[in-house]
Amino acid sequence: MTTTDTGIETTATPGRPSGGGSNGSAGGADLGLIHEVADRLIGAMTSVIEGKADVVRTTVTVLFAGGHLLIEDVPGVGKTMLAKTLARSIDATVRRIQFTPDLLPSDVTGVSIFNQDARRFEFRPGAIFANVVVGDEINRASPKTQSALLESMEERQVTVDGTTYTLQTPFIVMATQNPIEMEGTYPLPEAQRDRFMARISMGYPAPRAELDLLETHGSSSPLDALTPVTDAETINRVVQSVSHVHASPAVRQYIVDLVTRSRSTTALRLGASPRAALHLLRASRAYAALEGRDHVIPDDVQVLAGPVLAHRLMPSSETQLARRTTAEVVSDLLRQVPVPPAAR
């Protein structure tokens, strides 16, 4: 592993192709493959991240849904460790970016450099050219650098000097930020937050889990002994297979009703976007597959509504004065919107 002067850490050669995977089963989701890969990933990650089974499961759900993950919590609870653990569990290209105020957009996307010998410009890929990109303290970078991620996160491509470069698949950005320590930070704009499929918080461990943490992490880090349990090609197959999980018209209408209600409630200044509805559907398909089902039920949508929707919403002045969070508003929406029958 090497580190550049700009704080970029790399564990693989930039731009190395990950290899193509199959398109999954043509007739439906390959639940056997999904369960096998999920069990290996969750087992490997829980050996490092103790007492946070729900957090690990949500992380794997976002990976299988082909999304990006924002991890927001106070310092020292294991945000970066969670991202590193997922990256270490997959045999794929991995890069870590330490976001700082002096980080440039070209450090993220890449830059064209003139080759004197060849008498032409050559593209040097930036840190975004990897399967798993770990962005540490993303809100410490300037808005100009943060915006360099927009195209790559949504379209899986980078445009530099008029030339478009396709990113390798699978591709996931796992970014961390501290909500408390705001000095010298640049809050993520709405357009940037909307690119993340889900936001999770680690939370403090339970006393028993913290005692186990002292026992296992006190002398050495379990992350050092962690070896890959799957590879990029297999993850590609899983993502493709998850897209075949069935979502009935009633479930899709339920998702639309939720996001529509968020746009009309007086508790919010900004409701959920159409991209939020799409992300909620994709995440629900992945969660259903992890539960062993080839179809989505309303319970899947309800479990993921908070992590997928809350970080995209802007509370009204009244909601802020009442010290209510957007997660609490999402809970209200779930109570207000009628739940459809779980028919397929």
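A salt bridge is a side-chain nitrogen of Lys or Arg within 4 Å of a carboxyl oxygen of Asp or Glu. In this structure, R96 and D136 form such a salt bridge through their side chains, at 2.7 Å from N to O. The model is predicted, so local features need pLDDT of at least 70 and side-chain atom pairs count only at pLDDT 80 or more, while totals for chains, interfaces and linings use all residues. Residues are numbered from 1 along each chain as its sequence is written, and side-chain values use heavy atoms, with hydrogens and water left out.

**Salt bridges**

- The structure holds twelve salt bridges.
- Strands (E, at least two residues) and helices (H or I, at least four) are DSSP runs, numbered from the N terminus.
- Both R96 and D136 are buried; buried means under 20% relative accessible area, exposed over 50%, and partly exposed in between (1.4 Å probe, protein chains only).
- R40 and E36 also meet in a salt bridge between side chains, at 2.8 Å from N to O. These two residues are four apart in helix α1 (residues 31-46), which means that about one helical turn separates them.
- R40 is partly exposed at 30% relative accessible area, and E36 is partly exposed at 45%.

- The side chains of D194 and R275 form a salt bridge of 2.5 Å, N to O. Because D194 lies in the loop between α7 (190-193) and β12 (198-200) and R275 in helix α11 (residues 274-290), the pair ties together parts that are 81 residues apart in sequence.
- D194 is buried, with a relative accessible area of 10%, whereas R275 is partly exposed at 22%.
- A network of salt bridges links E154, D194, R275 and R312.

**Packing of α11 and α12**

- The axes of α11 and helix α12 (residues 298-309) come within 9 Å and cross at roughly 130°. Axes are lines fitted to C-alpha atoms, for helices over the stretch in contact, and angles run from 0 to 180 degrees between N-to-C directions.
- This angle makes α11 oblique to α12; angles under 35 degrees count as roughly parallel, over 145 as roughly antiparallel, 65 to 115 as roughly perpendicular and the rest as oblique.
- Residues of α11 in contact with α12 (heavy atoms within 4.5 Å) include A276, H279 and L280, and those of α12 include D300, V301 and V303.
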